[in-house]
Amino acid sequence: MSHKSLHPATIAVSAGRPAPEPGAPLNAPVVLSSTYVSTGTPRPDQMLYTRWDTETWQPFEQAVAQLEGSDRAGLVYSSGMAAIAAVLSLVPDGGVIVVPRHAYHATLILAHELAEKHGVTVRTVDVADTARVIEAVDGASLVWIESPTNPMLEVADLPAIGAATRAAGAIFAVDNTFATPLLQRPLDSGANIVVHSATKYLAGHSDVVLGIAVTRDPVLHEKLWHYRTHHGAIAGPWEVWLALRGLRTLALRVERAQANAAELADRLSAHPKVIEVRHPSLVDDPGHAVAKATMNGFGSVIGLRPSGGAAGADRLIDALKLWLPATSLGGVESTLERRRRFDSESATVPEDFIRMSVGIEEIEDLWADLDQALRAL
C-alpha cells in the first residue's frame, strides 16, 4: 500500500520497517560499524563509510520524509542546529536571508554570524504580518520561517508566503518542530525544505539530540547531503534508532499533549494571577484564525505571563512540583522555562514570558500544580 494513501498516524507506525517477509524482524536493526567491506570501483548504492550513509539512518529518514509528504528520503543530522546550519549554508556570500523576529535564538545567532562573516543581509520580519513577509521576500536568497514561532507562538500563513517565495525565486525553508508533520506539511504549502529538531516531538522522550531536513528537490538534497558529509554533522546509530522508536507513538503523544494544552490555555486565561496566555487554540489569540485555516491542530506549547513580572515568573517555576524546569520541549513530560533568562533571547520577548511544553500527563494533575503555584504568587 502506498504511503500516500495512508493517514499520518499510520505512517508514523508503519514507515521505515523492513520488508514483511517470513523470518524478517519487525523493527529496523541497529548496525554498529564505522565502515564496510569494499573493493573495486564503488557502486552508487554501495555502503562504504558511515559518515556518508548507513542503513541505520535510512528507516528514520524514510519515515519522516513520508510524514512530510516527500518521496525523497530525509537527511538526519547530529542535532537540530546542525540541520539548520546546513540549510543556512545555502545562502551565498552577500545574499539575503529573511528570518522571523522571534525564532529559536541559536538560529538567529547563526543568521547574524553569516551577516558578519559573509556579508549576508538579514531581514527580520513578524511572520504573522503576511504582507510584510511577502514584501521582504523580494530579492531574498532564503526565506526561513518558523510557525508557530519559538517562543512567542506567532503563526505564519505558509501557503501565501510559499507562493510569494516561489514567484521571487528564493528558497523557502520552514522549521516545523513545533507543529510536527501531523499538524502541518510545509512542502505542500510551497516550502522547498522542512527542518525539525528531532530532539523534540519526533523522538519525543527527551533522550536524544538529533535534527532532520526533508526536501523533494534533488539539487537541494545533494547540497544538504554534501554539507552533512563534509562538515561531519552526522548522527550516532543508537540516537537514530531511539528516534525511530519514539516516532511510532508521535500521533498519540501529539493528540494527548495538544488536548491538554488547549484545556490548560483556556483555564489559565481565566486565572486571576495570569496577565496573558498565548496558544493558537484560544479564539482571541492573534494566531487563531490562520492556524485554524492552515493547520490540523494548535500544538502543545503555551506562552504564559504570570503576575509579578520576571520575579513572579521565577517564583512560579520554583513553586511547581510536577512541571519540570528545563530548556527543551516536546517530550512526554511537561516542562517550562522563562525564556529571557538567556541573554541571547530576543529583546522583544517579555521578561516574564514562560514557554510551557505540555506533556501527556493527566490534565487535572497538571492543572492542580499550576493553580497552587499561581495562587502562591
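This is a predicted model: local features need pLDDT of at least 70, side-chain atom pairs count only at pLDDT 80 or more; totals for chains, interfaces and linings use all residues.
**Entry 1: the domain interface**

Residues are numbered from 1 along each chain as its sequence is written, and side-chain values use heavy atoms, with hydrogens and water left out.

**Entry 2: bounds and contacts**

I looked up the division of the chain: domain 1 covers 8-246 and domain 2 covers 251-376, with bounds from an automatic or database domain assignment. Their C-alpha centres lie 26 Å apart. I see 31 residues of domain 1 in contact with 37 residues of domain 2, contact being heavy atoms within 4.5 Å.

**Entry 3: polar links across the interface**

I looked for salt bridges between the domains and the count is 0; the rule asks for a side-chain nitrogen of Lys or Arg within 4 Å of a carboxyl oxygen of Asp or Glu. Polar contacts do turn up, in 10 residue pairs across the interface, both residues at pLDDT 80 or more. Such a contact is a pair of N or O atoms within 3.5 Å; within protein, one must be able to donate a hydrogen and the other to accept it, and residues adjacent in sequence count only if both atoms are side-chain atoms.

Next I checked the helices, which are DSSP runs (H or I, at least four residues), as strands are (E, at least two), numbered from the N terminus. Helix H4 (105-118) and helix H7 (180-183) each supply at least two residues of the domain 1 side that touches domain 2. H7 gives the most to that side, with 3 residues.

**Entry 4: the open sheet**

I traced 5 strands forming an open sheet of mixed pairing, in the order S8-S9-S12-S11-S10; two strands pair if DSSP finds at least two bridges between them. The edge strands are S8 (274-278) and S10 (324-325). S9 (residues 301-306) and S12 (residues 354-357) pair in the antiparallel sense over 4 bridges, and the partner of Gly303 in S12 is Arg355.

**Entry 5: a salt bridge**

I count 20 salt bridges in the structure. In one, the side chains of Glu362 and Arg256 meet at 4.0 Å, N to O.
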